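Here is a friendly tour of a protein model, written for someone who likes to know how each term was computed. Please keep the 3D view open as you read.

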Amino acid sequence: PSCFGYPLSIFFIIINEFCERFSYYGMRAVLVLYFKYFLQWDDNLSTAIYHTFVALCYLTPILGAIIADSWLGKFKTIVSLSVVYTIGQAVMSVSSINDLTDQTQDGSPDNVPLHIALSMIGLILIALGTGGIKPCVSAFGGDQFEEDQDKQRSRFFSIFYLSINAGSLLSTIITPVLRAQECGIHSKQRCYPLAFGVPAALMAISLVVFIAGSGMYKKVKPQGNIMVQVSKCIGFAIKNRFRHRSKEFPKREHWLDWASEKYDKRLIAQTKMVLKVLFLYIPLPMFWALFDQQGSRWTLQATTMDGNFGAIQIQPDQMQTVNPILIIIMVPVVDAVVYPLIKKCKINFTPLRKITVGMFLASLAFVAAALVQVQIDKTLPVFPAAEQSQIKIINLGSDNASIKFEPELGQVDVMSMGSTGYMTFETSQLQSLSITSGTKTELYNTKLPGGKRHTLAVKNNETDNIALLDNVTSKPEEGNNLIRFINNLPDPINVTMGETSFGNLASLSGSNYELFPGGRQDDITVVRNSMTCSSTSKSFGFGSAYTIIIDECSGGNLTVAYSEDISPNTVHMAWQIPQYFILTCAEVVFSVTGLEFSYSQAPSNMKAVLQAGWLLTVAVGNIIVLIVAGASKLSEQWAEYVLFAALLLAVCIIFAVMAYFYTYVDPNEIEAQFDEEEKNQVKKDPDLYDKKAEADSQM
């Protein structure tokens, strides 16, 4: 059956691919934040495990291709590995349910190792599934066409690539929204089970759709795997060359010619072409090392930024959508506008030059990321070292106050209802504070623990000052805000903000910090002697900490003063767009060209080997991230970005030199020569052809 001149069966394949990519990218988008906030790993461990997972996903395709070509055939491989995949996604979803082990019902899992074990099992199954299917699905789609349908087949591959990007785009938008929902049986929190559950459901749908089309598919019998043959041929050549290493044996033109005793000339010639291309692949992993940090480092960078786009609120993991959006725009633009313009300028933009430009652009993108990081670092608070203490003064009185830090460590003046920033002192030196307010001076002896932040609230006519320990050692994560209250009234009060109750506060006392989601305003309600006052808070931005002073509550009106403890994230997430844009341009000239070039330089039956080599460069790239990030020991994130940019630039120069010496070949011509030779052989000796066919079938 056909439809628009296409075999009907390919529509099932395209829908299947869309669902599978949705499932994979959706899960990957929230993965690094799941590690960080749910499993509570630090940035470096989260990044490391993320890249290990991605590397695994790109190593397993080689396995998948061998299983399909040598044993099960493509159809059975896709079905059986999709089942593994669906189970993996389901296990992932279960691993993120905090109520699974949360007996204390405090909103965080009690038995974290169980969750870690489950999610690792889930990830391994997913890596086996996604990797195993990857080389089979597109090839299986190609199998559905007749020999004469070249045009339709190439159009199919374009639509196929589009469905990959559509799937990844939609899931990178939707999954973070699901993650940001609040859910849970006993305690409300980020909804990871939903964020992993929807991809699991789509994977199941994808499997059902694929099986539904079963009757229509053309199923080609497994032909034996070309990768295995190529490896055997190379292995034999090396072994044979080693056996004949002494001087009396004549040298051969190429080391692969040593395989000619056992393998036919055509396979050897094809293997030579493949190795020539694979040699050029050696520098490429460095590109992927940078490219795949979008999902790890760049997403973590976005968590320290301001995601307020007016009407909409962007989640840090949604910034990754910039990439698929731009891909869908850029691929046609580059093909239809940029390349023709370059051609008009009489510049010969060869595929290898395109790849070189792609590498250069990617290293630029990381320079851009480093510049953004420097801006972010300027806004980050500095916390005290182990032997330092930080003090901030809030003046609750109606007179100005002056505070001297003794012995002679300086003094500050604080206006009425004003406050200072945090001042840092060596814990061992600071002994006392002398506080002058109005007519009265008093001495306040301090014995502060080191490495902590403190707030001292002073009031002119009161004997006791309020000393608070600020239990904050880092800027609030995920753009949340920390809020606490100080009661500056003579009576005890009860304070509520939004849904959160701060309980009863005695006169001149402070509460602990509570966590609030960023970017919104909440109602503050105060009950004083059975009278209720309320007002709406100001907007606290993202990632800030504030102390709110309850100053007056009468006639239903509430007067408050704000003191900023940690400033909100001020660098806007939109500043990440330039780096994403440059990286996407790099991807368009690099990745699209890379595969085209590979296919143009090797015979058609070797495509699987090159596909495997290409995916291998992605896997190695992710392993490079692990090594560099682990070995560099750079404490500054911007410096690590610069390091990666420098490494890629160096590799780019090496690649340019290799490309300069590369001579392009035309596999079709070489194939034609062999066909010609074979015809001549058959004319001379008709029996020879049968012998050759016999030998072929035994390989």
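On a 1 Å grid over the protein atoms alone, a cavity is a set of points where a 1.4 Å probe fits but cannot get out, and lining residues have an atom within 4 Å of a point. Grid points are joined across faces, edges and corners, and a volume is the space filled by probe spheres set on the points. This is a predicted model, in which local features need pLDDT of at least 70 and side-chain atom pairs count only at pLDDT 80 or more, while totals for chains, interfaces and linings use all residues. Residues are numbered from 1 along each chain as its sequence is written, and side-chain values use heavy atoms, with hydrogens and water left out.

The structure holds 2 cavities of 30 Å³ or more. Helix 13 provides the largest share, 3 residues. By class, this lining has 8 nonpolar, 2 polar and no charged residues, where Ala, Val, Leu, Ile, Met, Phe, Trp, Tyr, Cys and Pro count as nonpolar, Asp, Glu, Lys and Arg as charged, and the others, Gly among them, as polar.

Around it sit Ile435, Ser437, Lys440, Glu442, Val458, Lys459, Asn460 and Asn465, which divide into 2 nonpolar, 3 polar and 3 charged residues. Strand 11 (432-437) and strand 12 (440-445) each supply at least two residues of that lining.

These two strands form a hairpin with 2 residues between them, and Gly438 in the turn has a positive phi of about 65°. Strand 11 and strand 12 run antiparallel and are joined by 6 bridges; two strands pair if DSSP finds at least two bridges between them. Ile435 has Glu442 as its bridge partner, and Ser432 has Asn445.

Which order do the strands of the open sheet follow? The 4 strands come in the order 9-8-11-12, with antiparallel pairing. Strand 9 (411-414) and strand 12 are at the edges with a single partner strand each, so one side of each has no neighbour in the sheet.

## A covered strand

Strand 13 (residues 452-458) is mostly covered, with 6 of its 7 residues buried. Strand 7 (residues 388-395) runs parallel to strand 13 and is joined to it by 7 bridges, with Gln390 opposite Arg453. Strand 14 (residues 466-470) pairs with strand 13 in the antiparallel sense over 5 bridges, and there Ala457 stands opposite Ile466.

## A look at Leu207

Leu207 belongs to helix 6 (residues 192-212) and is buried, with a relative accessible area of 13%. Beyond its neighbours within four places in sequence, Leu207 is in contact with Asn16, Val79, Ser82, Val83 and Thr86 (contact means heavy atoms within 4.5 Å). Leu207 and Glu20 are 187 residues apart in sequence, yet 8.7 Å apart in space, C-alpha to C-alpha.

Terms used: Buried means under 20% relative accessible area, exposed over 50%, partly exposed in between (1.4 Å probe, protein chains only). On a 1 Å grid over the protein atoms alone, a cavity is a set of points where a 1.4 Å probe fits but cannot get out, and a pocket is an open set with protein on both sides within 12 Å along at least five of seven lines; lining residues have an atom within 4 Å of a point.
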